Amino acid sequence: MRGIPAALAATLLILGTHAVAQVSFDVASVKENTQPAGPSGLRRSPDGALRAERMRARFLITIAYGLQPFQLVGAPAWANDTYYDINAKPAPGSSTSREQMSDMLQALLVQRFKLTFHREARLVDGFALVQIQRGALGRDLKASALDCEKTPAIRACAQGGMSGTAFKASGVPMWSLVQQLVAAVNGPVVDETGLSGTYDIDLRWSNDAAPADDLPSLFTAIQEQLGLRLERRRVSADMFVVDRFERPGPD
């Protein structure tokens with residue numbers, strides 16, 4: 001999911017995503033970080049507190065609402081290069097789940113950054129995932145007897161995972177691969193393979209910034225290893241359109 005998308009995926013494992021009524025932090029400090037460089041990150045403490053260090057304003061939106069970067073449009077230019085430190089705490093003695101944490105971060109953006117938005121479907125440049133030859137799978141894409149969505153506790157289901165240049169999974173549907181490709185290409189991907197059921201997938205490719213001699217590019221790897229192809233298309237994508245987003249006032 002390259003650089004930022006990979007960081008986003010890791011952060012979402014901490015926060016989770018949820019779409020229910022929002023709850024708010026009891027207290028929250030939001031301060032601009034004007035240091036020219038330094039560590040950045042976001043973590044949830046055991047006591048339910050959320051601490052963010054040098055987080056780009058735009059990135060806070062994608063984290064809070066579980067967005068891929070391409071889905072966020074309309075954010076003001078300053079949100080791309082303005083960073084914030086956040087120290088937010090729930091009410092004393094309260095129990096905060098990962099799902100509630102995501103809701104609370106959304107509420108903070110609404111309260112302190114005056115965020116308003118709407119969602120809409122737009123035709124954008126993207127990709128369709130198709131079979132190169134109908135019914136012919138590549139060597140690293142195999143029909144599976146497992147269904148790891150139904151039986152995640154099976155040992156084989158816990159192996160593999162996603163890294164910057166690899167995706168390995170057992171007993172997963174095609175949509176699982178599609179979601180990884182969305183992150184890898186930073187754009188929408190629609191599944192037109194016609195493949196149902198679950199699959200064992202082992203996809204490895206070279207990082208464009210630091211290519212490995214023995215690994216192909218992502219697009220070539222999909223063809224050679226999976227027997228599939230990404231074709232450029234205009235596709236419909238769900239977009240998160242920012243209507244208002246302001247710099248927060250002092251605490």
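Predicted model: local features only at pLDDT ≥ 70, side-chain atom pairs only at ≥ 80, totals over all residues.
A pocket is found on a 1 Å grid over the protein atoms alone, as an open set of points where a 1.4 Å probe fits, with protein on both sides within 12 Å along at least five of seven lines; lining residues have an atom within 4 Å of a point.

Residues are numbered from 1 along each chain as its sequence is written, and side-chain values use heavy atoms, with hydrogens and water left out.

Back to the pocket. It is lined by 17 residues, and Phe 167, Val 172, Trp 175, Ser 176 and Gln 180 lie nearest its centre. By type, the lining divides into eight nonpolar, seven polar and two charged residues. Nonpolar here covers Ala, Val, Leu, Ile, Met, Phe, Trp, Tyr, Cys and Pro; charged covers Asp, Glu, Lys and Arg; the others, Gly among them, are polar. Strand 8, strand 9 and helix 4 each supply at least two lining residues, and strand 9 gives the largest share, five. Helices (H or I, at least four residues) and strands (E, at least two) are DSSP runs, numbered from the N terminus.

Let's look at strand 9 (residues 166-172). Five of its seven residues are buried, so the strand is mostly covered; buried means under 20% relative accessible area, exposed over 50%, and partly exposed in between, with a 1.4 Å probe and protein chains only. On one side, strand 9 pairs with strand 8 (residues 161-163) in the antiparallel sense over three bridges, where pairing takes at least two DSSP bridges between the strands. A hairpin of two residues joins strand 8 to strand 9, and Ser 163 has Ala 166 as its bridge partner. Strand 9 also runs antiparallel to strand 11 (residues 199-204), joined to it by five bridges. In that pairing, Lys 168 stands opposite Asp 202.

Asp 202 takes us to a side-chain contact as well: its side chain meets that of Arg 204 in a salt bridge, at 3.2 Å from N to O. Arg 204 counts as partly exposed, at 40% relative accessibility.

Now for helix 4 (residues 174-185), the helical contributor to the lining. At 1.5 Å a residue its twelve residues should span 16 Å, and the end C-alpha atoms are 17 Å apart, which agrees; the expected span is 1.5 Å times one less than the number of residues. Ten of the twelve residues are buried, including Met 174, Ser 176, Leu 177 and Gln 180. Trp 175 is found in helix 4 too, but counts as partly exposed at 46% relative accessibility. The C-alpha atoms of Trp 175 and Leu 195, 20 residues apart along the chain, are separated by 9.8 Å.

Asn 186 lies in the loop between helix 4 and strand 10 (189-191) and is partly exposed, with a relative accessible area of 37%. Arg 54 also has a positive phi of about 50° although it is not a glycine. Arg 54 sits in strand 3 (residues 50-56) and is buried, at 12% relative accessibility.

Finally, the salt bridges. A salt bridge is a side-chain nitrogen of Lys or Arg within 4 Å of a carboxyl oxygen of Asp or Glu, and by this rule the count comes to nine. One of them joins Asp 125 to Arg 234, with the closest N and O atoms 3.2 Å apart. Asp 125 lies in strand 6 (residues 116-131) and Arg 234 in strand 12 (residues 228-244), so the pair ties together parts that are 109 residues apart in sequence. Both Asp 125 and Arg 234 are exposed.

Arg 233 and Glu 231 form another salt bridge, at 2.8 Å from N to O. Arg 233 is partly exposed at 31% relative accessibility, and Glu 231 is partly exposed at 22%. These two belong to a network of salt bridges that links Glu 192, Arg 229, Glu 231 and Arg 233.
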